[in-house]
Amino acid sequence: MKKIYLLILVLALVLCGGKFAPEAYAKDVSVATAQAKNVAGQKQKAGEAVENDNNAENAAEEFDFKKISQSLDEIENQLKNNDFSRQSLEKNTTYLTETELKIENEIRKLEKDQAYAQDALAAFGEKTTDDGEEDKSIAEMREKYSAAVNGYKNKLIEANLLKAEVARVSALVGEARSRVLIGNLVAEKNALIVPKTFFKAVGDAAMFFWKIAVSPVEWYQSLNDNARGELYSKGWYVFLILGLALCFGLLVRRFIINRWGYRRTDDQPRYWQKVVVAIVTALAYGVIPSLLIGGCLAWEITNKDLIESRFGRVLASMFFQALLITLTCAAARVVLAPWNGRWRLFNISDARAERVFRAVTFSIILWGICAYLLHIAQFFDPTDALILLLSVVFDAAKAFVIIMIAVSVFGDIKSKAEDVADQEAESVINTDDDDGGSINTGVRVILFSTLFALATFSVSLFGYPDLASFIFNRFFATIILFGLFVVVRKVVSDVLCRSIVFWVRTFKMRKRLLSKVDFLMSLLITPILVLCLVYLLLRLWGVPASFMTYGIKKFVFGFKVGGINISLIAILTGLFVFLVSITLVRLFRRRLSDNLLTRINMDEGIKHSLVSGVSFIGFIISVVLAVSAMGVDLSNLAVIAGALSVGIGFGLQDIIKNLVSGIIILFERPFKVGDWVILGGEEGKIKQINIRSTELETWTKRSVIIPNATLISSSLVNLTHGNNWQRQSITVGVSYDADVDKVTELLIECARANRKVAKVPAPVVVFKDFGASSLDFELRYHVSDVRVDFMASSEIRYAILKRFREEGIEIAYPQLDIHQR
């Protein structure tokens, strides 16, 4: 418990310490206080204070406003004269972002220094000398602090103006960057749909493929006799390298798959295990092709005549593109796992996974071939028409890939029997069905993907291949990023779940508590992953990195809204302080209720009221500490209270009413926990009194939550207020032939025989009335605790019935005498 108190003390000191003025301001205030007591020693201390203030002014002057203004003028002149490039715009954007952050830091520093100087000036107070003249040293200090305040004010004006100028120039640079980016993408070229351009491109393409076909012959003819002899003599060297690479690759692949690859198991593997096995298996599938292709590249590099020729560059590009295709197909195979459903990273059926894998493999090969042709075209002095044709063909391949993958993922998968049944059903015409059915989600996705692919391809076909390639490439990268996001999120969630088992087994912690921690961690990690995904997507689609960096810095380190600085760090700090404070309050509450108050002979209701009051006060303190940690100035509580009053007047009046009523109940204590009350037709025991509401437990063990305002404003019957005594009564009707004295004696005997009935006051019998069919008696008695002795009346009735039957006394029932004339 001492450690808890010590932690509270340290937390309070840390939070309060941030509100104290710095050393210079403390010296200023101490000087101002000493002046009122000792005028003789004023000069020396005043000199120290002014020296500190002058140091602050010199530190502020280190920020060169004039130099920044000149730089802004230079950037603006470049924009007006169109004397800029994409690289210079990126450089200017970075400079403007850093400059704006520096200006904001300088503004915060100047505001802080101005506030300190203003407080020091206010410490001198008004002129109070009798002769109307102020002491010379105090007057000098007052004048110097006034000058310092005015100097800070002027610098703040200059800094704010410079900040506005930086924002204006940043907007101009952003517009220029957008024009450069969009201008490159929408630069119009010759449309391939024009017959003249199309036929010229086809002719250039035929010549291009002819040059590729004859490039080996040209290379061979360019070799001299020695080079040809060396080529023949070292031919076995190539096969030796490939053989060694194949053998080594087989050994490595078998070792990796047997050690870390797919394993047969009856248990469902964890998701992180699936990811690890997928990575290792992808390496195993790609090791043999990588070694073979690497061996070919190594042989080609050693042949100087081959690598410097056009055919050698074409061959090297082919090897490199084949390596990329092989590795990408291996990655697709381990992700979809068409023949290993237990290790599949996405939850799809085996048949769909196999179909998607075939479509993805074909798409990767088609993409690689088109990219290879577009890449090697630069080695053959291509014409603009040839580049246009290859770009449009590449875009057509991308559009076809989008449609094919969409159909494989979202299309229906049916067996042969189902296909036959569908064909028979289609042959039957149903004349009663006029609705036509509804389009499911898969068909809508396929339709949208087809329209998107065709529309983007048409952009390329009509003369904008760069824009179409930009859209297609970013679209595929977006799909890959979403897939990575899903995988990473599932891995993180799985690791958190596994960590719960570790903490439970190692430290014997409660699983319920760890489940809450796991939920909070997931609640924090998921937004972080989403923010990372959004950042990557925006960066992918052309949003400047400097712009996003600036936005992130503003969001994290703070921005002003109406004079209030909003910062993510400050908010997280406040939440952390609130959680720590409220945790400490709960620990203290538990310590108070379970340990300290148990040693005191105190009523349970008073104990509960005391504990509830401590919780309420601790909650308020936690809120104040959290608000203070967020950097909110507590001196503006009047403004905050005014704003809250408006909200209370409109929507919070019921909540505030219940809170105030809860405080009144805790202090006035019209009832306490354990009291038996009747309210609005509900009767039961007060189970818990909270700040906003009170919980009532009825006979049937139902919990009735009653707002505290209702308890204060309504009439309430407290059966145990002050004491737990209660008078109960039982009404009995006997026949007119019964002996009334005997009846009275038996009733008192039954009451006294019950141990729940109090001896004092003694039970009494009242002859109430002559009824229509009976003589009515009422037995009155008292019980000491209504919460325990509620069964007394039932037990007494059993006893009365038994004794009356033994003594032959008849309990009357309604009778009707009929007289016939």
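1. Let's start with Glu697. Leaving out residues up to four places away in sequence, Glu697 touches Gly684, Lys685, Lys687 and Arg702. Its place is in strand β5, which covers residues 693-698. Is Glu697 buried or exposed? With a relative accessible area of 14%, Glu697 is buried, because the cut-off for that label is under 20%. Keep in mind as you read on that this is a predicted model.

2. Now for the overall picture. The protein has 25 helices and ten strands. Of its 821 residues, 34% count as buried. If you take the contacts between residues at least 6 apart in sequence, 70% of them join residues at least 24 apart.

3. Helix α12 runs over residues 310-336 and helix α13 over residues 350-376; they pack at an angle of about 160°, with their axes 10 Å apart. That angle makes α12 roughly antiparallel to α13, since anything over 145 degrees gets that label. The crossing of α12 past α13 is right-handed.

4. Which residues of α12 and α13 meet? On the α12 side you'll find Val314, Ser317, Met318, Gln321, Ile325, Thr328, Cys329, Ala332, Arg333 and Leu336. Facing them from α13 are Ala353, Val356, Phe357, Val360, Thr361, Ile364, Ile365, Gly368, Ala371, Tyr372, His375 and Ile376. Sorted by class, this contact of α12 with α13 has 15 nonpolar, six polar and one charged residues.

5. Next, have a look at α14 (residues 384-410) and α16 (residues 441-461). These helices pack at an angle of about 180°, and their axes are 9 Å apart. So α14 and α16 are roughly antiparallel to each other.

6. The α14 side of that contact includes Ser391, Val392, Asp395, Ala396 and Ala399, as well as Ile402, Ile403, Ala406, Val407 and Phe410. From α16 come Gly442, Val445, Ile446, Ser449, Thr450, Phe452, Ala453, Phe457, Ser460 and Leu461. By class, the contact of α14 with α16 divides into 14 nonpolar residues, five polar and one charged.

7. Last, the cysteines. How many disulfides are there? The count comes to zero, going by cysteine sulfur atoms within 2.5 Å.

Methods:
Residues are numbered from 1 along each chain as its sequence is written. This is a predicted model: local features need pLDDT of at least 70, side-chain atom pairs count only at pLDDT 80 or more; totals for chains, interfaces and linings use all residues. Side-chain values use heavy atoms; hydrogens and water are left out. Axes are lines fitted to C-alpha atoms, for helices over the stretch in contact, and angles run from 0 to 180 degrees between N-to-C directions. Helices (H or I, at least four residues) and strands (E, at least two) are DSSP runs, numbered from the N terminus. Angles under 35 degrees count as roughly parallel, over 145 as roughly antiparallel, 65 to 115 as roughly perpendicular and the rest as oblique. A crossing is left-handed if the near helix is turned anticlockwise from the far one by less than a right angle, and right-handed if clockwise. Contact means heavy atoms within 4.5 Å. Ala, Val, Leu, Ile, Met, Phe, Trp, Tyr, Cys and Pro count as nonpolar, Asp, Glu, Lys and Arg as charged, and the others, Gly among them, as polar. Buried means under 20% relative accessible area, exposed over 50%, partly exposed in between (1.4 Å probe, protein chains only).
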